[in-house]
Amino acid sequence: MSEACVLITGGAGFIGSHLVDALLAKGYSVRVLDNLSTGKRRNLPLDNPRVQLLEGNVADAEQVAQAAVGVSAVVHLAAVASVQASVDDPVGTHQSNFVGTLNVCEAMRKAGVKRVVFASSAAVYGNNGEGASIDEETTKAPLTPYASDKLAGEHYFDFYRRQHGLEPVIFRFFNVFGPRQDPSSPYSGVISIFSERVQTGAPIAVFGDGEQTRDFMYVEDLVDVLVQAIEAPQAPLGAINVGWNRTTTLKQVLQALEQVVGTLPTVTYGPARSGDIRHSRANNQRLLTSFKLPEPTPLKVAWSACSTPDRNPCDQRAWCGERACPALGCEAPPIQQNAEYLIRLSAWFWGCCAAQRRTSLLATGNLRLTERHWGKPARHRGFSLLGESAKSKNWRGVSHYFSSAPSCAARAWPGV
């Protein structure tokens with residue numbers, strides 16, 4: 001456990017908000033700098049006193065400098081992540097993707113902060129290495145302003161390492177997916193788009209024959225590595241690919257989704273998009289040398305998370321009730337319900353957390369939840385509450401009900 005404060009730029013976004021949850025669970029305080037252009041307030045547990053949201057832009061040097069004061073480490077995730085946006089507006093996106101990175105370097109230098117984790121991208125390789133396991137020495141050939149800015153950011157962090165003693169950990173992300181990934185953008189991750197189409201019943205359009213491959217990593221697995229990078233005694237030199245060194249076709253992604261939801265909407269295949277890379281896979285030997293990777297979250301288990309809205313107590317599209325999610329293959333302990341204080345565990349909880357977040361389902365029907373999963377506060381991790389009365393009047397009961405690991409079968413809800 002740590003009481004140190006970590007600054008996360010872009011912390012209200014997809015990856016950043018999951019990192020916020022993980023750091024809170026380990027006892028950190030978190031300061032988020034985000035302009036909320038793509039990040040969402042609802043992604044953050046803002047009622048937690050250890051979370052501070054600063055609405056600002058990394059392109060503003062003064063705001064970044066103020067945000068960096070008093071923190072022990074920085075995780076720089078803020079960027080305009082759309083490749084197409086950088087093509088359409090190279091000057092505007094350059095302000096966030098490169099100038100913002102330089103501002104982070106300078107703010108850290110002035111504040112005396114050493115450790116920084118930087119989110120670079122596999123886009124720096126361009127089309128080089130396609131079809132092979134791409135290692136970090138593969139020739140860099142960025143094809144877009146986005147990729148060029150990321151590669152330039154890597155070089156600047158290395159300069160500040162040599163000149164000013166910064167300790168950068170540079171990760172080149174390949175294909176990250178999971179809850180809170182915005183499917184509304186046409187350039188969002190394919191898995192979040194598929195998930196949204198399933199939830200709405202809209203047809204799924206695949207560009208190409210579905211045999212194209214990607215090296216998918218579930219966001220919770222990535223966050224495990226990011227936390228290690230913050231806490232590592234020494235920062236490894238050079239950029240590091242982040243992936244599993246394995247490929248999954250889009251058809252396999254759809255098959256895993258079908259196993260979770262039962263029936264897919266209509267799937268159509270059309271012409272491949274111009275410029276799309278057909279095969280992408282990360283050589284992760286350097287990652288394995290410096291960090292301990294968690295067990296990969298199975299795709300169909302991760303699908304249960306992606307197919308269920310996250311942090312939305314009003315959405316009832318994916319209740320499991322008293323049955324376990326099919327992705328688990330096991331029976332869930334019975335959950336007592338009360339007409340006034342109704343609580344149900346969602347498919348996201350059973351499909352992902354119970355299987356992946358150190359949650360133990362005991363044969364006796366006990367549900368034992370560890371600090372790693374729930375963190376502080378427990379109410380922000382993995383379940384949905386229906387009814388304002390349950391969230392206010394009886395909240396102490398909710399917290400005790402889960403955090404002290406009583407038997408779900410034996411304890412009556414209102415009397416906790």
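This report describes the fold, cores and selected local features of a predicted model.

## Basis and confidence

Residues are numbered from 1 along each chain as its sequence is written, and side-chain values use heavy atoms, with hydrogens and water left out. Because the model is predicted, local features need pLDDT of at least 70 and side-chain atom pairs count only at pLDDT 80 or more, while totals for chains, interfaces and linings use all residues.

The mean pLDDT (the predictor's confidence in each residue, from 0 to 100) of the chain is 76, with 71% of residues at 70 or more. Over residues 312–416 the pLDDT is below 50, and this stretch has 197 contacts in the model beyond near neighbours in sequence. A contact means heavy atoms within 4.5 Å.

## Overall composition

The chain holds 14 helices and 19 strands. These are DSSP runs, numbered from the N terminus: helices are H or I with at least four residues, strands E with at least two. Of the 416 residues in the chain, 53% are buried. Buried means under 20% relative accessible area, exposed over 50% and partly exposed in between, with a 1.4 Å probe and protein chains only. Among contacts between residues at least 6 apart in sequence, 75% join residues at least 24 apart.

A nonpolar core is a set of buried Ala, Val, Leu, Ile, Met, Phe, Trp, Tyr and Cys residues joined through side-chain atoms within 4.5 Å. The largest has 53 residues, of which Ile8, Ile15, Leu23, Phe171 and Phe173 touch the most other members. Helix α7 supplies the largest share of this core, 8 residues. A second, separate core of 22 residues includes Leu7, Ala68, Met108 and Phe118. Leaving aside neighbours within four places in sequence, the contacts of isoleucine 8 include Leu19, Leu23, Val32, Val75 and Leu77.

Helix α7 covers residues 219–231, 13 residues in length, and reaches 19 Å from its first C-alpha to its last, close to the 18 Å expected at 1.5 Å a residue. The expected span is 1.5 Å times one less than the number of residues. Since 11 of its 13 residues are buried, α7 is largely enclosed by the rest of the structure. Among these buried residues are Glu220, Asp221 and Asp224, along with Leu222 and Ile230. Leucine 222 lies 9.5 Å from phenylalanine 177, C-alpha to C-alpha, although the two are 45 residues apart in sequence. Phenylalanine 177 belongs to strand β8 (residues 175–177) and is buried at 3% relative accessibility.

## Strand β9 and its partner

Strand β9 runs parallel to β14 (residues 267–270), joined by 4 bridges. Strands pair if DSSP finds at least two bridges between them. Alanine 205 has threonine 268 of β14 as its bridge partner.

## Positive phi and cysteines

Most residues other than glycine have a negative phi. Arginine 180 has a positive phi of about 75°; this residue sits in the loop between β8 and α6 (190–200) and is buried at 15%. Asparagine 245 has a positive phi of about 60°. Asparagine 245 lies in the loop between β12 (240–242) and β13 (248–249) and is partly exposed at 25%.

Cysteine 5 is buried at 15% relative accessibility, and cysteine 105 is buried at 0%. With a disulfide taken as a pair of cysteine sulfur atoms within 2.5 Å, the count is 0.
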